[in-house]
Amino acid sequence: FSISTYNKMWTDAQKDLDIQLRREREEFLQPEKDRVKVFKMLATSYIKYMQIFRNLETAHDQLVHRQKRAVIRQVLDGVIGRILEVKKEMVELENSEFHYIDNILEDLKLLPEDIEVPIPRYFIKEKLEVLQQREKILDQILLNTGLQIQKPLKAMTFEEAIKAIQVAERARQGRCRAAFMKQIYLEEKRERQTKLQVQMGPNPDAAATRIQKVWRGYIQRKKTVKMREEEMIFLGMSLPPHLKATSVSQMYAGQVNALRSEAQERHEEDIKDKLREMEGLNIKETLQDQIGQCFIECRHIIGKFPDYPTEAAGGSMAILSEKTPEQVAAELAAKEEMALQKKAQKEKKEKEEGKEKTKGKKTQKTGKKVSLPTDEGWKMGPSNFLSIMEEGSSQYKAVWQNRDERWDFLQDHDPELIKEEKRGEVEEEIRVQVDELMQQKLQNLKLAVDGEKSDKQKKGRKSEKVRAAMMSLVHRTIDSLYQELAEEGLLIKAKTVNLSDYVGKYSYLGTTLRQVDIEPMPSLADVRQLIALYGILPLGSQTVHEKAPVVKALLLAGPAGVGKKMLVHAICTETGANLFNLSASNIAGKYPGKNGLQMMLHMVLKVAKQLQPSVVWIGDTEKIFSKAVLKAEEEMNPKRLEKMLPKFLKALKAQDRVLLVGTTSRPFDANLKPFCKVYQKIILIPRPDYASRFGKYF
């Protein structure tokens, strides 16, 4: 398709997004008591956002203009986050992870394939070189340690496997037939030799016959190969030649895209250098004047110079956020009021607790009557992504909507837009230099005016003794920790499996069964959607992971052989994540003792955060939380991670793209209270139904 096609796709997606945002402002802000109506509203919004998501992802992948792609990427992250927020509301409304919306799809005249969650291709494309380099390093480590004997072979496709079986079987039948015919021929030849006399000298007819036989055999073999290829194409088991070969135009387009991105990166660096030369001095002087003015105003209000914020607190940004002296005074007054309010609330709470002790029965009765949320009705919670989508839409309308691109055939970059982007980066670089100068200036002012010495505060000693092993980890590089984990078998190589390889059909009877009070078995298509929503999308985007509803741990529960491990590898493949194996059988005998276990988890956490996204997989996770350990497994000590896993999850923050995935075929063997406390989301993986098993072949 041409560039205009994807520009139109982007335009249509932005129009649909504006309509959807306008509809949400009208419907979602008003309380609604009818649960069926609420679910229909949420499901319709989910479907609409999914369609917008598909169009934006396609436009982002196919458009060449990098500045357009940056705007689309911002809106795309907002749409992904909003889909996760709507999904959360649907789960809370129905108390189920699986939803059946086939009746709504029928009303909208859509197919189940239209709500399949697409995996954004930029998850892998943007860091392809890093992933390839990391894969080479891991292969080398595994080869050196003997954990990998040879390089992994390329997996055979389904069509290649069938073709190999057919070739082998036909060759076997041909050999049997040839041996039988040879035997008959030799018997006939012996009979002829006894009857005919031996002719002396060469026979021209026999020589010509032999040449004809060889030539005709060669021609027939070529015809047979051609007929076999045509038969495979006719049966749909092989692609036509014009689809197999990469066209010259596609190869040329790929080369042009690579060269254009390199040229734009060089051009961006040139513009950044020019901005630093032309505007750098003015930016530096302006920042110094603003920070100096803040020092004077703060001393006038408080009576002394402020402490300079640390780099972690934002440096001079924290100072400049206080725009006026009036705001500083207002903040101080607000803090005092908050302290007084907290004190009053505490006293009030103590009085209420005293009353509750004396009037226990009355409080129980009143507790039963309180039902404000049900009386008020359902109302959509606040969103972290509406502002992102609105900002992206306004940027599209201001810059790209009415832009005349008839003469921009090459889809080259816009220098003015690059200047606006790079100006912020130049300011941040200069701000770091200004912070160092102004810190020294503030120390001199304190010494000259207030007579204070700016001694650095001594850090207090930690209450607990820091172990020598932990201290050694602080000074070690990520590369050395990565190598050690790979050598110990804790960091493993994920198999190349896509989520689309997990074949399964959609269940069309979900709504019908629920209407007769029968809970339907979830389909494999529903499982595929949940894996994409809870595992792949948050791990692939930093913005989505930080602001979307957090899912730190995921449990895949189902009988053996239904594809639980395959889904774990699919999450890693689609996001380019590292895979850590902390199964009880894998860590048995490694890093013994409590100190060794803490050091191992600290190493895994450090490498996983530094090289995010990462997936920590625990196979047969019910053994960690089992009620009683079997005698055969006592040496393995499967329960050693039971108390450490909650602490491990607590150490994960919103900015850490690390996901804990557990797989189990016997969840009922675990102690449910700590088990469910660790795993926020539990996904049932059912056995394939009839449509999933045989639907691919029809």
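**Exercise 1. A polar contact**

Find which side chain is joined to that of Asn7 by a polar contact in this predicted model, and place Asn7 in the fold.

Solution. 
Step 1. The side chains of Asn7 and Lys68 are joined by a polar contact of 3.1 Å.
Step 2. Asn7 belongs to helix H1, which covers residues 3-27.
Step 3. The relative accessible area of Asn7 is 15%. Buried means under 20%, so Asn7 is buried.

**Exercise 2. Two aromatic pairs**

State how many aromatic pairs the whole structure has, then classify the pair Tyr122 and Phe123 and the pair Trp215 and Tyr218.

Solution. 
Step 1. The whole structure holds 5 aromatic pairs.
Step 2. For Tyr122 and Phe123, the ring centres are 5.1 Å apart and the planes stand at 85 degrees. Planes over 60 degrees apart count as edge-to-face, so this is the class of the pair Tyr122 and Phe123.
Step 3. Tyr122 has 3% relative accessibility and counts as buried. Phe123 is buried as well, with a relative accessible area of 2%.
Step 4. For Trp215 and Tyr218, the ring centres are 5.7 Å apart and the planes are at 35 degrees. An angle under 30 degrees would count as stacked and one over 60 as edge-to-face; the pair Trp215 and Tyr218 is therefore tilted.
Step 5. Trp215 and Tyr218 are both in helix H8 (residues 204-234), 3 residues apart, about one turn of the helix.
Step 6. Trp215 has a relative accessible area of 53% and is exposed, while Tyr218, with 39%, is partly exposed.

**Exercise 3. Nonpolar cores**

Describe the largest nonpolar core and list what Val79 touches.

Solution. 
Step 1. The largest nonpolar core has 83 residues, and Val79, Ile531 and Ile683 have the most contacts inside it.
Step 2. Helix H2 (residues 35-62) gives the most to this core, namely 13 residues.
Step 3. Leaving aside residues up to four places away in sequence, Val79 touches Leu17, Tyr49, Ile52, Phe53, Leu56 and Met389.
Step 4. A second, separate core has 42 residues, including Leu601, Met603, Leu611 and Leu660.

Note on methods:
Residues are numbered from 1 along each chain as its sequence is written. This is a predicted model: local features need pLDDT of at least 70, side-chain atom pairs count only at pLDDT 80 or more; totals for chains, interfaces and linings use all residues. Side-chain values use heavy atoms; hydrogens and water are left out. Helices (H or I, at least four residues) and strands (E, at least two) are DSSP runs, numbered from the N terminus. Buried means under 20% relative accessible area, exposed over 50%, partly exposed in between (1.4 Å probe, protein chains only). A polar contact is a pair of N or O atoms within 3.5 Å; within protein, one must be able to donate a hydrogen and the other to accept it, and residues adjacent in sequence count only if both atoms are side-chain atoms. Rings of Phe, Tyr and Trp (its six-membered ring) pair if their centres lie within 6.5 Å; planes under 30 degrees apart count as stacked, over 60 as edge-to-face and the rest as tilted. A nonpolar core is a set of buried Ala, Val, Leu, Ile, Met, Phe, Trp, Tyr and Cys residues joined through side-chain atoms within 4.5 Å. Contact means heavy atoms within 4.5 Å.
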